[in-house]
Amino acid sequence: METKSTEPTEFSTPLLLSSSSRRISSSVPTILLLLTTLVAVSGSYVFGSAVGYSSPAQSGITDELNLSVAEYSIFGSILTIGAMIGAIVSGSIADYAGRRVAMGFSELCCILGWLIIAFSKVAWWLYVGRLLLGCGMGLLSFVVPVYIAEITPKDLRGGFTAIHQLMICCGVSLTYLVGAYLNWRALALVGTFPCLAQLLSLSFIPESPRWLAKVGRMERSEYALQHLRGKNADVSQEATEIRDFTEAFQQQTEASIIALFQLQYLKSITVGVGLIILQQFGGVNGIAFYASSIFVSAGFSQSIGTIAMVTVQIPMTALGVILMDKSGRRPLLLDLHKWKEFSPILALVGVLVYTGSFSLGMGGIPWVIMSEIFPINVKGSAGSFLTFVHWLCSWIISYTFNFLMGWSSTGTFFIFSSICGLTILFVAKIVPETKGRTLEEVQASLNPYPTKS
């Protein structure tokens, strides 16, 4: 049995304060919420820096270690294999040890991976380091958006969760930039800095109130919620909703990945898997891979092309963060996604339009929705499965893109365009709007709410 909380009275017993001295939990973020989100998205930056490392490091690694193109291709692609491994275990670690522990464990993997890469003398050590980086990245790609969604109020949740994608973009872009001035070993050592920053900060941020409720620590859950919303906020309604919803679903056993496909969770799993598959099969990795060749063939240098991509990607992702809780998820997925149908035809401009529209909509929103739609008893297994599907699809596109281009460049981009059109229909008919609704409201609308016995 849990011992009585020794925390200050104003946090552990919020209902004792008079209603006149309290305010309803509002949409104004507290300093703690902002700092907690900043710590969490440090992991997103690590994610981006791992993805962006292979491009600026390629010439230095291949020259110093005498790697062939095939050997360096293994180094680049093994990151995705590691991410799939990390994805498989991410839900279990986050469910049983907590969201903060999962982030800390992922950073330990990333730090070890960066150090192994920095001091590698032979190719296979590079592979080991890159594989560990991928494992950490797979964990982070699940736990960061889930943690942010669980700590933020409903009117801020979309924008705050979308910062995950913005920081990934920043990590990729700044790694490109710094990599132009540092050698590959120094760049790998620099990669440990954001890992250490998050690792050392995790003990100062609260655990997810919803995870605490899930493991039966109700007093700690309410204390964490009060701390995040501010001591004068009235969190009684939100705390009660979390407790009741968690207790109702806790009557059911933890669902395995196979159990996710029962009728009860059919709509949630369809929305989640559908968005992830369409996000990847819309050709984002292929566009990114082919972009430099398009820029060169259009008469621009590769560096100018990279700068142009960054100039479009970061502001558009930032705009998505701002609009997420104002316009909603569906409008960003529907209206802006239509432009992507024309991007293969427009060459240079098309790449930039595609990148911008993807960053604003499909880049981040599937992760936001994934963190919102699954009830607490299946969130771990569902998140693991969706994250694994994401990295599997990413690997499929990366691996097959050259073969498809060899077959027909026109046909390849026609396939991507058709999938983008299919995404519009999928979002219009199936994906729900989650703006302005609590996680419990979203999950109850998609999954049959079990009654207490």
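Among contacts in the chain between residues at least 6 apart in sequence, what percentage join residues at least 24 apart? The share is 85%, where contact means heavy atoms within 4.5 Å.

The model is predicted, and local features need pLDDT of at least 70, side-chain atom pairs count only at pLDDT 80 or more, and totals for chains, interfaces and linings use all residues. Residues are numbered from 1 along each chain as its sequence is written, and side-chain values use heavy atoms, with hydrogens and water left out.

**Figure 1. Overview of the chain.** The chain contains 20 helices and two strands. Helices (H or I, at least four residues) and strands (E, at least two) are DSSP runs, numbered from the N terminus. Of the 453 residues in the chain, 55% are buried. Buried means under 20% relative accessible area, exposed over 50%, and partly exposed in between (1.4 Å probe, protein chains only).

**Figure 2. The packing of helices α4 and α8.** Helix α4 (residues 99–118) packs against helix α8 (residues 192–201) at an angle of about 155 degrees, and their axes are 9 Å apart. Axes are lines fitted to C-alpha atoms, for helices over the stretch in contact, and angles run from 0 to 180 degrees between N-to-C directions. The angle makes α4 roughly antiparallel to α8. Angles under 35 degrees count as roughly parallel, over 145 as roughly antiparallel, 65 to 115 as roughly perpendicular and the rest as oblique. The crossing of α4 and α8 is left-handed; a crossing is left-handed if the near helix is turned anticlockwise from the far one by less than a right angle, and right-handed if clockwise. From α4, the contact involves M103, G104, E107, L108, C110, I111, W114 and L115, and from α8 it involves T192, C195, L196, Q198 and L199. These residues comprise nine nonpolar, three polar and one charged. Ala, Val, Leu, Ile, Met, Phe, Trp, Tyr, Cys and Pro count as nonpolar, Asp, Glu, Lys and Arg as charged, and the others, Gly among them, as polar.

**Figure 3. The crossing of helices α2 and α6.** The axes of helix α2 (residues 31–65) and helix α6 (residues 157–179) come within 6 Å and cross at roughly 40 degrees. The two helices are therefore oblique to each other, and their crossing is right-handed. The contact of α2 with α6 has 16 nonpolar, ten polar and no charged residues.

**Figure 4. The nonpolar cores.** A nonpolar core is a set of buried Ala, Val, Leu, Ile, Met, Phe, Trp, Tyr and Cys residues joined through side-chain atoms within 4.5 Å. The largest core has 84 residues, of which Y53, I61, I117 and L126 touch the most other members. Helix α5 (residues 123–151) provides the largest share of this core, 14 residues. Apart from neighbours within four places in sequence, L126 is in contact with I61, L65, L67, F75, I117, S120 and W184. A second, separate core of six residues includes A213, L225, A233 and I242.

**Figure 5. The surroundings of Q165.** Q165 lies in helix α6 and is buried, with a relative accessible area of 12%. Not counting residues up to four places away in sequence, Q165 touches T317, G363, G364 and W367.

**Figure 6. The surroundings of I419.** I419 belongs to helix α19 (residues 409–429) and is buried, with a relative accessible area of 17%. I419 and F281 are 138 residues apart in sequence, while their C-alpha atoms are 6.9 Å apart in space. Leaving aside neighbours within four places in sequence, I419 is in contact with L278, F281 and G282.
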